[in-house]
Amino acid sequence: MSDIKINRINRNFKTKVHLYFNKDSYSRLSDTTPRFYLAPVELLNLEKVAFTPESKKAGYSKYGNRFWKWKGEDTLNDAQAEYIFAQMGGSYPYGYIQGDTASQNKYYYDLTTNDAAQSFYKSYWDKNQDKVVQPKTITVGNLDYPYPYIEFITNEIVTFKHIDGTIPDLPEGINTYAEFSPDGNFYDQPPSWSCDGEEMEIKVSPFGKTFEINSFGKYLLKLGATGRYRFDLNSGTIGDQWPTGIDGGYSGYRFRFSTGEEGVLNGYEDYESGISYVRGPEVGYFYLQTEQKTSEHPDYGVGSVSGFAISGSGGDPSGTDVTGVGHFEHFHEGGTLSLRKESLYYFFQNDGSNSGHEIYISTGASGQHSDIYESGVNYTLNHEAGVSGNFMSFRVPHSAPDRLYYQCQHHTYMGGQINVIDSPAASGSGSAPGESIIFDVNKDKEMFLHYYSPDKSGIGGYAMIKTGCAHDDKYIG
């Protein structure tokens, strides 16, 4: 490696800055600028600055909890100063580096779409209307500045490296970030960039201030460009949380996706591709006992002389529409079940008659531990039938086959058929508790959307669709 000498010099750039207001911008990806933004417009003065505690010993003055003192600039020429000033205009919070994903994302999320930042600028703008300057016409169609502005002077401290020598390129394959043992401090690409899970809960915060997704208000959704996502509408735990309204009525805050921040305003429209509204997942409970088969059993005379009789409900209020076996009314021998995709069902074998007949899910009708189907199936720790507290749970995957069976692990043809069905359509179209919104994403490129409510302004957020969902996949636009 060649010898390299680096001298870092701190300089203060005394800068004229404009706070601009672009009334035609709604801080969308397609807008040319954020609605409110800062821009350096003129370099007024340039001086060196000292920062070290040792500067006090040298007679430097104390300012802002740091020791510093102005020094005349004698190492930069005008062209170099203007070059550094131009770079400052492309750094946060004034802008970003073109082609640099990290720089672009920081500017977009920390300023353009950051409600706190935009609200701060708006509040400052509203309180200082007497300072607002309108741009002047220089020639026909040309203004001296692009938008109305408030002007102020700021001191920007810039550290510039003066390098003597050549920095060699990194060999291909060497990571440019530090990796340490997971049991200590370490740095890696922020995991927040990974895509969200396929199931999310939505509610509205107290007093209807914002949509909460998995308990986070104005959550930035990160969805894969291909995948299926389910958003479950939940009324929450406080009486006035959505969608529970006054006197138990529904407030009706519909949850929608849109190409614009406030839905269909300003020429934007609801995004409906791949969107459907269904009844949310149910929870069902079934109880089994083992009996000698009669002609009622669908496999009477085949396999074991004993068979499962089942009673219970799939959780549907009517009791029979979903399960087909009644609502705890009586036991059906080998009863056929209709189970919804993505719903959760418990199969209890508390009755002593089940001893030695542990249940399982299969893709074939014969049983006896053949054709095992394991996706979504869980058992209590010892999985011993005939003992109180032991059960099998089955959360039906969306990808489950249309037909399955519940059978005995040790004997043949004891159980019955399971029809796997889709969730029925939601009557409230995504505006009532117990409903779910399905978003089947199938895109070949990345894009930004918004989620909002057409019934209440300002409670939504942003949705980013990514072509990669690993934690180190960056949004590339």
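This is a predicted model: local features need pLDDT of at least 70, side-chain atom pairs count only at pLDDT 80 or more; totals for chains, interfaces and linings use all residues.
Numbering runs from 1 along each chain as its sequence is written, and side-chain values use heavy atoms, with hydrogens and water left out.

Strand β12 pairs with β28 (residues 456-466) in the parallel sense, over 4 bridges. For the record, two strands pair if DSSP finds at least two bridges between them; strands (E, at least two residues) and helices (H or I, at least four) are DSSP runs, numbered from the N terminus.

I then traced the sheet: 4 strands, open, in the order β12-β28-β27-β14, with mixed pairing. β12 (221-224) and β14 (256-258) are the edge strands, each pairing on one side only. Neighbouring strands here are turned by 35° against each other on average, direction ignored.

**Helix α3**

Next I went to α3 (residues 101-112) and α4 (residues 115-127), whose axes come within 6 Å and cross at roughly 55°. Axes are lines fitted to C-alpha atoms, for helices over the stretch in contact, with angles from 0 to 180 degrees between N-to-C directions.

I listed the contact (heavy atoms within 4.5 Å): Asp110, Leu111 and Thr112 come from α3, and Ala117, Gln118 and Tyr121 from α4.

Which residues of α3 are buried? I get Thr101, Ser103, Asn105, Tyr107, Tyr108, Tyr109, Leu111 and Thr112. Buried means under 20% relative accessible area, exposed over 50%, partly exposed in between (1.4 Å probe, protein chains only). The cover over these residues includes β2 (36-49), α4, β27 (447-453) and β28, and β27 and β28 are also strands of the sheet above.

At the start of α3, I noted a side-chain oxygen of aspartate 100 within 3.2 Å of the backbone nitrogen of alanine 102.

**Lys341**

My last stop was lysine 341, in the loop between β19 (337-340) and β20 (344-348). Lysine 341 counts as buried because its relative accessibility is 13%.

What does its side chain make a polar contact with? The partner is the side chain of aspartate 422, at 3.1 Å. A polar contact is a pair of N or O atoms within 3.5 Å; within protein, one must be able to donate a hydrogen and the other to accept it, and residues adjacent in sequence count only if both atoms are side-chain atoms.

Not counting residues up to four places away in sequence, lysine 341 touches Val396, Pro397, His398, Ala400, Val420, Ile421, Asp422 and Ser423.
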